[in-house]
Amino acid sequence: MNELHEFTALCETCGCSVLYAEPLRNHTTFRIGGACTAFVNVNSAETLKKLLAYCRRAGSAYTILGNGSNVLAADSGFRGIVLHLGRDFSKITREDDRLHCEAGATLARIGKFALEESLTGMECLAGIPGTVGGALYMNAGAYGREMSDIIISAECMDENGTLSTVSKEEMQLGYRTSVFQDRHCIITGMTLQLSQGKYGEIKEEMDDLLGKRRAKQPLELPSAGSTFRRPVGNYASFLIDQCGLKGASVGDAQVSKKHAGFVVNTGKATCHDVLELCDYVKQTVQEKTGYQLELEPVILGDPSV
């Protein structure tokens with residue numbers, strides 16, 4: 001009880017909102033997930049430092065969450081504090097052809113900012129439904145472009161609250177991988193290198209790519225985006241379609257009939273439903289094609305509980 005009082009007082013002092021026993025389904029694009037102990041909207045690097053100090057002192061587990069777009073949260077939730085880097089941590093500024101972005105800024109918002117400034121380089125990434133921090137963590141990409149194409153450097157905070165700058169060369173960026181997945185640090189911001197362009201041409205390309213995304217992907221249903229990583233030498237969606245798995249389902253989890261690379265939530269799917277369906281897809285694809293598929297979304301919490 002005293003710890004809860006201390007945590008609440010800390011959040012009030014820092015001016016950030018906190019929700020207790022908050023369902024993670026409210027904060028993931030899959031609309032799946034049980035409750036976390038506390039959900040905090042972090043509003044600055046200084047606040048983050050104080051919250052990390054509290055977690056360290058109290059022995060509380062914590063995790064970082066952006067837009068929740070590449071996350072599958074366990075039905076049992078997360079027994080710890082979710083530090084949300086979102087709208088309250090999303091400042092974007094321009095310096096010449098570079099953008100300095102806080103980690104909670106969404107790719108869509110950065111794309112809009114770049115368009116308004118007639119800066120090119122964000123067109124392919126602007127339609128990805130995530131924050132720039134999460135995008136760098138996964139080296140997200142679309143239509144032949146990745147975060148690695150525009151990143152210059154990133155600011156990170158370690159578990160002790162110490163800030164440091166990580167250069168692009170240190171990031172070890174690969175297909176959906178980065179050094180941040182192995183380091184115990186939190187991406188707080190970054191610098192992106194764009195180029196001066198023409199507003200009309202940038203808008204035309206953004207509109208074209210967003211149109212293709214709407215036409216080909218099941219954006220009308222909750223999902224975590226692409227469910228499987230691209231196997232070397234092939235495409236997950238092609239293999240899944242080839243195996244006749246479009247429309248396969250477990251509970252309300254379904255392999256999209258529109259795009260086989262997406263598992264979607266058609267109603268009240270659970271984490272258990274999704275994982276059972278994904279296991280079935282992986283087993284079938286391996287038996288019929290020899291390819292081994294790997295899940296792309298990050299699992300939050302313990303799905304076995």
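Start with one cysteine: is Cys55 buried or exposed?

Modeller: Cys55 is buried, at 3% relative accessibility. Buried means under 20% relative accessible area, exposed means over 50%, and partly exposed lies in between, with a 1.4 Å probe and protein chains only.

A word on the source. This is a predicted model, in which local features need pLDDT of at least 70, side-chain atom pairs count only at pLDDT 80 or more, and totals for chains, interfaces and linings use all residues. Residues are numbered from 1 along each chain as its sequence is written, and side-chain values use heavy atoms, without hydrogens or water.

Back to the cysteines. A disulfide is a covalent bond between the sulfur atoms of two cysteines. Here the test is two cysteine sulfur atoms within 2.5 Å. The structure holds zero of them. Cys16 is in no disulfide, and its nearest cysteine sulfur, in Cys11, is 4.2 Å away. Cys16 is buried too, at 7% relative accessibility. For Cys55, the closest cysteine sulfur is again that of Cys11, but at 9.3 Å it is too far for a bond.

Now the sheet. The chain has seven helices and 18 strands. These are DSSP runs, numbered from the N terminus: helices are H or I with at least four residues, strands are E with at least two. Five of the strands form an open sheet in the order β6-β7-β13-β11-β12, with antiparallel pairing. Two strands pair if DSSP finds at least two bridges between them. β6 (92–95) and β12 (163–167) stand at the edges; each has a single partner strand, so one side of each has no neighbour in the sheet. From one strand to the next, the twist averages 25°.

β6 and β7 (residues 98–102) run antiparallel and are joined by four bridges. Glu95 stands opposite Arg98 of β7.

Two helices lie across the sheet's strands. Helix α3 (residues 107–116) lies across β6, β7 and β13, at about 35° to β6. Axes are lines fitted to C-alpha atoms, for helices over the stretch in contact, and angles run from 0 to 180 degrees between N-to-C directions. Contact means heavy atoms within 4.5 Å.

Next comes Ile150, in the loop between β10 (145–146) and β11. Ile150 is buried, at 2% relative accessibility. Leaving out residues up to four places away in sequence, Ile150 touches several residues, among them Gly121, Met122, Leu125 and Gln193. Ile150 and Gln193 are 43 residues apart along the chain, yet their C-alpha atoms are separated by 5.1 Å.

Finally, step back to the chain. Of its 305 residues, 48% count as buried. Take contacts between residues at least 6 apart in sequence: 65% of them join residues at least 24 apart. The radius of gyration is taken over C-alpha atoms, and the globule rule is 2.2 Å times the number of residues to the power 0.38. A compact globule of 305 residues would come near 19 Å; the chain has 20 Å, which agrees. The C-alpha trace spans about 55 × 50 × 30 Å along its principal axes.
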